[in-house]
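Please walk me through this model in the viewer, stop by stop. At each stop, tell me what to select and what is found there.

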Amino acid sequence: MKFFLTFLLFIIPALAIELITPIPEQIPYDKEKAILGKKLYMDTSLSKDKKVSCNSCHDLNSFGVDNKTFSTGINGIVDEPFHTPTNFNAVFNLSQFWRGNAKDLKEQAKHPLLNPKEMGLSNENEVIEIVKSNPHYKKEFEKLYGEVSFDNIADSLAEFQKTLLTPNSPFDRYLKGDKNAISEQAKRGYEAFVSNGCIACHQGQNIGGNMYQKMGVFVPYDNGTNWQGRFEITKDPNDKFVVKVPSLRNIAKTAPYFHDGSMPTLDACVQFMAYYQLGKFLEQDVVDDIVAFLNSLTGEYHDPLK
């Protein structure tokens with residue numbers, strides 16, 4: 001693993017301009033199903049205590065997060081040990097959740113509904129009966145899908161989440177040719193981001209989300225818990241302490257950081273990632289430059305369903 005990363009640090013700089021690409025303004029989705037999915041997304045009746053919705057943890061007004069170390073589910077239960085990741089631009093990820101235990105948005109949408117720490121419904125039939133009891137939902141599902149089923153409920157939620165894109169960040173505009181879209185400090189930060197090897201993992205149109213990586217490549221990471229990362233899903237010893245690399249889009253808006261929500265600020269996050277993942281210490285001016293670059297990754301969210 002260390003050899004692989006070291007190799008990447010040498011070849012990536014020459015390729016960097018091609019490894020980060022702007023995200024599209026939109027992608028194909030079914031608008032009627034997405035409108036229905038949005039209603040479900042905002043609906044607290046789909047939780048055991050009738051107080052929690054998808055939006056409770058993935059707030060549309062906060063770039064798809066709640067800015068808490070750990071989210072709060074039904075009956076005030078704290079959903080440890082994983083910090084809630086943003087679902088903005090999540091359609092571009094290779095999988096969903098930190099450990100990749102859902103292959104796509106549709107599969108992901110099923111988990112919170114039945115998770116006893118999140119929305120806490122007992123089983124698929126309970127979800128279906130709640131949806132059927134709403135005449136509007138029942139009519140819309142029969143019109144769009146033919147029936148109310150757990151699979152169709154998840155599909156409508158997934159169609160809605162396809163609309164959660166944040167294009168047109170300053171850095172996207174910079175990549176498209178507007179050289180004044182970001183500051184000189186942000187340009188230095190991008191160069192430092194590349195030359196120091198951050199781009200070895202944070203790349204592609206989502207600037208992350210397209211690979212798994214061990215947390216603590218050069219220095220073992222210990223947050224005092226018994227978590228074992230993706231190994232808990234795959235049981236492959238090579239997956240111990242491995243998590244999905246998060247997207248850096250809108251990263252300035254989605255604190256706190258890391259899979260465990262343990263890092264409160266971007267500058268601390270950059271320094272700690274350099275230490276754990278790259279085995280180096282960065283001077284403060286370099287950290288400040290990289291943070292300026294990261295701030296240029298905040299895009300624009302415009303709800304196309306309004």
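Start by selecting D79, which is buried at a relative accessible area of 14%; the threshold for that label is under 20%. The model is a predicted one. D79 sits in the loop between α3 and α4. Show its surroundings: apart from residues up to four places away in sequence, D79 is in contact with F70, S71, K117 and E118.

P256 belongs to the loop between β2 (242–244) and α11. Two further residues in that loop are worth a backbone check. N250 lies in the loop between β2 and α11 and has a positive phi of about 60° although it is not a glycine. F258 is placed in the loop between β2 and α11, and its phi, near 75°, is also positive in a residue other than glycine. Are these side chains buried or exposed? N250 counts as buried at 1% relative accessibility, and F258 counts as buried at 9%.

Select N206 now. N206 is found in the loop between α9 (184–195) and β1 (212–214). With a relative accessible area of 2%, N206 is buried. What does N206 touch, sequence neighbours up to four places away aside? The list is N89, F92, N93, S247, L248 and R249.

Move on to S296, in the segment after α12. S296 is buried, at a relative accessible area of 6%. Leaving out neighbours within four places in sequence, its contacts are S169, P170, F171 and I182.

K280 is the next selection, in the loop between α11 (266–278) and α12. K280 is partly exposed, with a relative accessible area of 26%. Residues up to four places away in sequence not counted, K280 touches N196, A274 and Y275. Draw a C-alpha distance from K280 to F218: the two are 62 residues apart along the chain, and the separation is 8.9 Å.

Now turn to charges. How many salt bridges does a search of the whole structure find? The total is 11.

Begin with K143 and E32, whose side chains meet in a salt bridge at 2.9 Å, N to O. This pair links distant parts of the chain, with K143 in helix α6 (residues 135–144) and E32 in helix α2 (residues 31–41), 111 residues apart. K143 counts as exposed at 54% relative accessibility, while E32 is partly exposed at 41%.

Then select R99 and E232, which form a salt bridge of 2.7 Å, N to O. R99 lies in the loop between α3 (54–57) and α4 (105–114) and E232 in helix α10 (residues 231–234), so the bridge ties together parts that are 133 residues apart in sequence. E232 is partly exposed, with a relative accessible area of 26%.

E142 forms a salt bridge with K138, with 2.8 Å between the closest N and O atoms. Both residues lie in helix α6, four residues apart, about one turn of the helix. E142 is partly exposed at a relative accessible area of 39%, and K138 counts as partly exposed at 33%.

For a group of charges, select K106, K110 and D151 together; they are linked in a network of salt bridges.

Finish on the surface with D267, E283, D285 and D288, which gather in a patch of negative charge. One of these, D285, is in helix α12 (residues 284–295).

Note on methods: Residues numbered from 1 in each chain as written. Predicted model: local features only at pLDDT ≥ 70, side-chain atom pairs only at ≥ 80, totals over all residues. Heavy atoms only, no water. Helix = DSSP H or I, 4+ residues; strand = E, 2+ residues; numbered from the N terminus. Buried < 20%, exposed > 50% of the residue type's maximum accessible area, 1.4 Å probe, protein only. Contact = heavy atoms within 4.5 Å. Patch = residues over 30% accessible without salt bridge, like charges linked within 9 Å, V, L, I, M, F, W, Y side chains within 5 Å. Areas by Shrake-Rupley, 256 points an atom, 1.4 Å probe, with all protein chains shown as cover. Salt bridge = Lys/Arg side-chain N within 4 Å of Asp/Glu carboxyl O. Lys, Arg positive; Asp, Glu negative; His and termini not counted. Charge placed at Lys NZ, Arg CZ, Asp CG, Glu CD.
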